[in-house]
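Subject: Structure handover and findings on pockets and cavities

Dear colleague,

Please find below the structure I am passing to you. My notes on what was found in it follow directly after.

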Amino acid sequence: MAASGWSDWFPVLRWARGYGRGQLGGDLTAAAVVTLLLIPQALAYAVLAGMPPVTGLYASIVPMAVYALMCSSNVLGPGPTALRSVMSAAAVGAVVAPGSDAFIATSAVLAVLVGVALLVMGALRMGFMAHFLSQPVLAGFITAGGLLIAMSQVGHLLGVPLASGDAPAFARSLITHAADAHGLTLAVGVASMVAMVVARRWGRAVLMRLAIPPGVADVLVKATPLLVMAVAIGVARAFDAPARGVAVVGDIPQGLPGLSVAPLLSVPWATVQALLLPALLIAAMTFVEQISIAQSMAARRGERLDANAEMRAMGAANVAAGLTGAFAIGASFARTTVVAESGGRTPAAGLYTAVLLALAALLLTPWMRALPMAALAAVVLVSLGALLDWASFRRNWRFSRADFAAQALTFAATLLVDLVSGLMVGVLASLALHLWRSSHPHIAVVGNVAGTEHYRNVRRHDVITHPHLLGLRVDESLFFANVHLLEQRIDAELAAQPAIRDVILQCTAVNDIDASALQVLTALNDRLRQRGVRLHLSEVKGPVMDRLRRSDFLQRLSGHVYLTHHQAVQALRASPPDA
């Protein structure tokens with residue numbers, strides 16, 4: 001591979017050359033703040049994925065370092081995320097029993113499959129796939145996913161087992177077990193939630209009144225989940241919480257993750273096959289989220305972004321997660337914002353974060369064994385606000401009922417069936433919405449705006465028309481699914497206006513004409529000729545004209561092709577066919 005090829009795959013070879021003290025301070029500060037934020041999240045999201053808590057740290061150490069070496073974004077924060085974790089749990093739980101050794105190995109296999117899918121798409125430069133999921137569909141899926149995540153944590157908060165795969169099952173189990181809620185567990189969880197909400201809402205102002213510098217106050221507020229966990233551990237130890245019926249994390253292996261393929265090879269091939277579709281869906285959604293976050297941050301900071309490099313970097317990070325016994329990861333908007341606001345300058349901040357997390361895995365895991373599960377649930381529940389985008393439903397209802405219908409359908413399927421099915425419905429809804437719009441193009445009769453060379457819809461503007469001329473503007477490329485609507489529209493206009501002798505198709509928005517559309521246009525031209533009506537084209541784009549020249553359509557065309565629509569009208573208004 002040439003030097004430029006290596007630097008495309010490993011941008012660290014470019015940015016590391018100019019790295020110095022100017023970037024070091026900001027990157028180290030960002031790494032320290034992100035570590036404080038990520039430790040409680042990593043443990044909580046591992047539980048959310050149905051995995052041992054320590055695997056949340058595993059999903060953050062090597063994967064974060066790998067991403068930093070291959071990414072093009074200076075501040076994007078990869079690692080465990082709530083939605084990715086619950087999707088992993090849903091996909092793996094559908095093929096193996098949750099809580100088993102097979103579940104852990106299969107979750108790692110899913111991470112590798114997600115990573116391979118992203119790597120292949122990145123190698124093939126398929127970054128354009130970021131646009132395959134429409135924003136309304138994605139918002140509906142993420143909002144429903146947020147609710148399912150909340151449902152999955154209510155059981156830990158109440159201290160009772162609750163079903164959480166879909167809303168109906170959750171409602172039934174909640175009704176059945178609500179009376180069995182464990183009071184002390186609920187108290188721990190609610191107290192943890194209240195502490196984090198209060199700190200997030202008023203903590204900074206209170207600390208600044210105490211003359212604490214704004215920067216330090218921000219760090220302390222962001223570290224609130226870690227402080228809450230520390231207090232919860234202290235209380236649990238002091239009052240022997242497990243003996244009082246409060247569930248705790250329990251033993252956590254001490255040390256760093258090892259790289260191993262043996263557990264992955266133990267997963268049956270049939271199970272791997274069952275994970276292929278969920279892996280593709282998770283990979284697609286992971287990249288859509290990742291590139292949306294990275295692009296918005298790059299635009300804000302005036303930096304360049306390589307979508308394909310981002311896809312490859314996240315793919316390699318997921319492979320690393322799987323090989324270290326963890327689960328699928330993605331990009332976090334909250335962590336990305338923290339990196340940027342804390343002074344992060346380069347991807348080196350991710351490398352430093354990985355080192356700090358490795359130290360935590362070496363030194364802190366024995367101390368975490370007394371952490372109440374209710375406190376971890378509180379961390380997840382408090383972090384869900386960014387996922388619940390209710391305002392988008394109202395916006396889409398006002399702006400586009402079709403987009404709203406696709407969003408509502410995705411939301412309902414995700415909430416009532418499961419996450420993987422909801423995402424599949426979302427993809428199909430996006431494609432169906434695109435096909436419906438493409439197959440129902442806007443076709444306008446146009447006339448001349450007096451005193452100009454502009455032509456506009458006769459229903460919207462006061463324009464000049466001519467009895468024997470029909471100007472039609474087609475606002476879509478012509479292909480097999482929509483060309484018959486154009487044919488029907490022309491027939492309807494001719495039936496309503498028998499005096500028409502020339503039809504001009506204004507092709508301003510026609511970017512392509514497929515073989516089926518060409519065949520229909522040829523037949524339409526012949527049929528119009530028999531009725532004494534000429535067919536003309538105007539404003540045909542170069543690539544479309546090139547394709548038409550490779551056929552006999554232009555030789556058979558009864559009319560002419562005009563550079564502009566105004567030229568066509570000027571030429572034809574004074575010279576009807578029988579003139």
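Helix 8 supplies six residues to the lining of the second largest pocket, the largest share of that lining. Please bear in mind that the model is a predicted one. The volume of the second largest pocket is about 820 Å³. Its lining comprises 40 residues, and those closest to the centre are Val47, Leu48, Gly50, Ala89 and Ser164. Two or more residues each are given to this lining by helix 3 (21–48), helix 6 (82–93), helix 8 (135–158), helix 14 (269–301), helix 18 (373–382) and helix 21 (419–439). In terms of residue class, the lining of the second largest pocket holds 26 nonpolar, 13 polar and one charged residues.

I turn next to the largest pocket. The space within it amounts to about 1200 Å³. The largest pocket is lined by 45 residues, with Phe333, Ala334, Ser383, Ala386 and Leu387 closest to its centre. Sorted by class, the lining of the largest pocket contains 23 nonpolar, twelve polar and ten charged residues. For the charged class, then, the counts to set side by side are ten in the lining of the largest pocket and one in that of the second largest pocket.

The volume of the largest cavity is about 140 Å³. Among the 17 residues of its lining, Leu76, Gly77, Pro78, Ala349 and Gly350 lie closest to the centre. The elements that contribute two or more residues to this lining are helix 5 (62–70), strand 1 (77–79) and helix 17 (348–363). Eleven residues of the lining of the largest cavity are nonpolar and six are polar, while no charged residues are found there.

Finally, a word on the cysteines. How many disulfides does a search of the whole structure find? The search returns zero.

Yours sincerely

Technical notes. Residues are numbered from 1 along each chain as its sequence is written. This is a predicted model: local features need pLDDT of at least 70, side-chain atom pairs count only at pLDDT 80 or more; totals for chains, interfaces and linings use all residues. Side-chain values use heavy atoms; hydrogens and water are left out. On a 1 Å grid over the protein atoms alone, a cavity is a set of points where a 1.4 Å probe fits but cannot get out, and a pocket is an open set with protein on both sides within 12 Å along at least five of seven lines; lining residues have an atom within 4 Å of a point. Grid points are joined across faces, edges and corners, and a volume is the space filled by probe spheres set on the points. Ala, Val, Leu, Ile, Met, Phe, Trp, Tyr, Cys and Pro count as nonpolar, Asp, Glu, Lys and Arg as charged, and the others, Gly among them, as polar. Helices (H or I, at least four residues) and strands (E, at least two) are DSSP runs, numbered from the N terminus. A disulfide is a pair of cysteine sulfur atoms within 2.5 Å.
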